[in-house]
Amino acid sequence: MRFVWRAVRVLLVVLGILTVVVLGAAGGIFAALPTIAEHTPLVLSRVTMTDGTRTVDMQGMVHLAEPRFYRDITELVAERRRAGWLVFYEEVRADPGADAKAGTAEVMKRLGAEWSPESGEHPYVMLSSLLGDGLVLQDNRALLGPPGPDERNVDITLADLLAALPPADADDPTVDLAAARDEFATLPPWIQMRLRAAVRIGLSLAASGSWLHAGLPEGLTIQREAKVAQAIQDEAGRNILILYGQAHIPAIRDRLLQAGKGWSVVRTMGVRAM
């Protein structure tokens, strides 16, 4: 259940090993990581489906990406809304009156990470130094444009997510995000550049596989994907653009294909995020 942050810890260990390897015979591989990363971009899926009467576009998303990616998505959303499409998007929100920051900190803790709301930084922004410069945080309000009945948050609430996640295990070590960021900042620039490249390569490989989705808690995956698939079915006759995390796109696609209502995949293409 701590898969995400265990994976982060494993990655950091691997990167630590690579740092040592640079002093040995495989130093050339470590030095080449930035070049390898340039040829291994993070590519997200855009899947187009139809049931014979309408079209659904599903765009995989990521919380941190190059500004160009979000500009392209903003233009796509505006184009679809002008054409009368609905837009469904992912965003776990706190229930009215609930403390969103405290709830987010508890979710992070249950996933094995320590994050303090008093830091004033979004947890993903803290991790951005591991990916490189020039990346920005996803901003749904900027992506969606003016509020309206044609754009809809289709996701579980923060309370739903907490109810689906088991309590934090006191014996399970956690990753302090602020400490990890500060420790990374102390490394020599040439090592930082290569470790960032290694992290980007890992993200790219994860985006192209199903192992990440299989290891995530059901509260982060199955419940949300079922909600999206049902919302699509409930809007018969409407074309819909879906903006959801990359890990969820194949599962939503498969739910529609298995629904027995004539759904088929028309096209799948890749969109570079970083």
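Hi everyone, let's start with a pair of helices: the axes of H12 and helix H13 (residues 249-258) come within 9 Å of each other and cross at roughly 50°. That angle makes H12 oblique to H13, because angles under 35 degrees count as roughly parallel, over 145 as roughly antiparallel, 65 to 115 as roughly perpendicular, and the rest as oblique. Axes here are lines fitted to C-alpha atoms, for helices over the stretch in contact, with angles from 0 to 180 degrees between N-to-C directions. On the H12 side the contact includes Ile222, Ala226 and Ile232, and on the H13 side Ala251 and Leu256 are among the partners. Contact means heavy atoms within 4.5 Å.

A quick word on what we are looking at. This is a predicted model, where local features need pLDDT of at least 70, side-chain atom pairs count only at pLDDT 80 or more, and totals for chains, interfaces and linings use all residues. Residues are numbered from 1 along each chain as its sequence is written, and side-chain values use heavy atoms, leaving out hydrogens and water.

Now, in what order do the six strands of the open sheet sit? The order is E7-E4-E9-E2-E1-E10, with mixed pairing. Two strands pair if DSSP finds at least two bridges between them. At the edges are E7 (151-153) and E10 (264-272), each pairing on one side only. From one strand to the next, the twist averages 20°.

Inside the sheet, E2 (residues 55-61) and E9 (residues 240-245) run parallel, joined by six bridges. In that pair, Asp57 stands opposite Leu241 of E9.

Helices pack here too. H12 (residues 222-234) lies across E2, E4 and E9, at about 175° to E9. Helix H4 (residues 67-82) also packs on the sheet, and its direction makes about 160° with that of E2.

Is Arg81 buried or exposed? Arg81 is buried, because its relative accessible area is 16% and buried means under 20% (exposed is over 50%, partly exposed in between, with a 1.4 Å probe and protein chains only). A polar atom of the Arg81 side chain lies 2.5 Å from the backbone oxygen of Leu144. Arg81 also touches other residues, including Val87, Pro146 and Asp150.

Note on methods:
Helices (H or I, at least four residues) and strands (E, at least two) are DSSP runs, numbered from the N terminus. A polar contact is a pair of N or O atoms within 3.5 Å; within protein, one must be able to donate a hydrogen and the other to accept it, and residues adjacent in sequence count only if both atoms are side-chain atoms. Lists of a residue's contacts leave out its neighbours within four places in sequence.
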